[in-house]
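I am opening a notebook on a protein chain that I have not looked at before. The entries below keep to what I looked up, one topic at a time.

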Amino acid sequence: MGYFTLFFISFFAATILPVSSELTLLGMVSTKTYSIFLLFLFASLGNILGSCVNWYLGIHFIKFKNKKWFPFSDKQIQKSSFWFNKYGCLLYTSDAADDLL
C-alpha cells in the first residue's frame, strides 16, 4: 500500500462510499515506513477532492428535482437547506476537525 492508495481511499471516503480513511492513515503512520508529511498531504488532497465532487454533484444534481426518479421531495430540500444555512459553518468546522483527527 502506498501514498496513491491512501489518496484514493481518502477520496472515496469523502464521497458517498463508506470507507474508513482514518484507519488506513493510522495504519500507515504506525508502520513508520512512510513520510508523515506525505501521508497527511495525500490524505488531505484525497479528502478535499472528494468533497469537491460532492459539492459539484449537489450543485448540479438539484436540476433533476422535477424528475420522477429524484429521491428527495421539495419539502426535504427546503428543510435541509434551512438547516445548512443555519448550521452550515458548524458542519464544515466539525468536518475539518474530523479530518485532522
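**Entry 1: the core**

Which residues make up the largest nonpolar core? I found 5 residues in it: L6, L25, M28, L39 and A43. A nonpolar core here is a set of buried Ala, Val, Leu, Ile, Met, Phe, Trp, Tyr and Cys residues joined through side-chain atoms within 4.5 Å. Helices α2 (21–31) and α3 each supply at least two residues of this core. I then looked up L39 and left aside its neighbours within four places in sequence; L39 is in contact with Y3, L6, L25, M28, V29 and Y34. Contact means heavy atoms within 4.5 Å.

**Entry 2: what kind of model this is**

I note that the model is predicted, that local features need pLDDT of at least 70, and that side-chain atom pairs count only at pLDDT 80 or more, while totals for chains, interfaces and linings use all residues. Residues are numbered from 1 along each chain as its sequence is written, and side-chain values use heavy atoms, with hydrogens and water left out. The predictor's confidence in each residue is pLDDT, from 0 to 100. The protein chain averages 84, and 87% of the residues score at least 70. Among the elements, helix α4 (residues 74–100) has the lowest mean pLDDT, 70, and α1 has the highest, 93.

**Entry 3: the whole chain**

I count 4 helices and 0 strands, and the pattern along the sequence is α-α-α-α. Helices (H or I, at least four residues) and strands (E, at least two) are DSSP runs, numbered from the N terminus. The protein chain has 101 residues, of which 20% count as buried. Buried means under 20% relative accessible area, exposed over 50%, and partly exposed in between, with a 1.4 Å probe and protein chains only. The chain exposes about 7,800 Å², and carbon and sulfur atoms supply 71% of that area. Accessible areas come from the Shrake-Rupley method with a 1.4 Å probe; for residues, only the protein chains shown count as cover. Among contacts between residues at least 6 apart in sequence, 54% join residues at least 24 apart.

**Entry 4: helix α1**

I looked up the length of α1: it has 12 residues and reaches 17 Å from its first C-alpha to its last, close to the 16 Å expected at 1.5 Å a residue. The expected span is 1.5 Å times one less than the number of residues. Its buried residues are L6, F7, I9, S10, F11 and A14. What covers them includes α2 and α3.

Is S10 buried or exposed? S10 counts as buried, at 1% relative accessibility. Leaving aside neighbours within four places in sequence, S10 is in contact with S21, A43, G46 and N47.

A13 also lies in α1, but at 23% relative accessibility A13 counts as partly exposed. A13 and N47 are 34 residues apart in sequence and 7.2 Å apart in space, C-alpha to C-alpha. Under the same exclusion of neighbours within four places, A13 is in contact with V19 and S21.

**Entry 5: helix α3**

The 26 residues of α3 (residues 36–61) should span 38 Å at 1.5 Å a residue, and the end C-alpha atoms are 37 Å apart, which agrees. I list L39, F42, A43, G46, N47 and G50 as the buried residues of α3.

**Entry 6: two loop residues**

T15 is in the loop between α1 and α2 and counts as buried, at 17% relative accessibility. Beyond its neighbours within four places in sequence, T15 is in contact with G50, V53 and N54.

K32 is in the loop between α2 and α3 and is exposed, with a relative accessible area of 74%. Most residues other than glycine have a negative phi. K32 is not a glycine, yet its phi is positive, about 60°.

**Entry 7: aromatic rings**

How many aromatic pairs does a search of the whole structure find? It finds 13. Rings of Phe, Tyr and Trp (its six-membered ring) pair if their centres lie within 6.5 Å; planes under 30 degrees apart count as stacked, over 60 as edge-to-face and the rest as tilted. The ring centres of F7 and F11 are 6.5 Å apart and the planes are at 20°, so this pair is stacked. F7 and F11 both lie in α1 (residues 3–14), 4 residues apart, about one turn of the helix, and both are buried. I also noted one aromatic cluster, formed by F61, F64, W69, F70 and F72.
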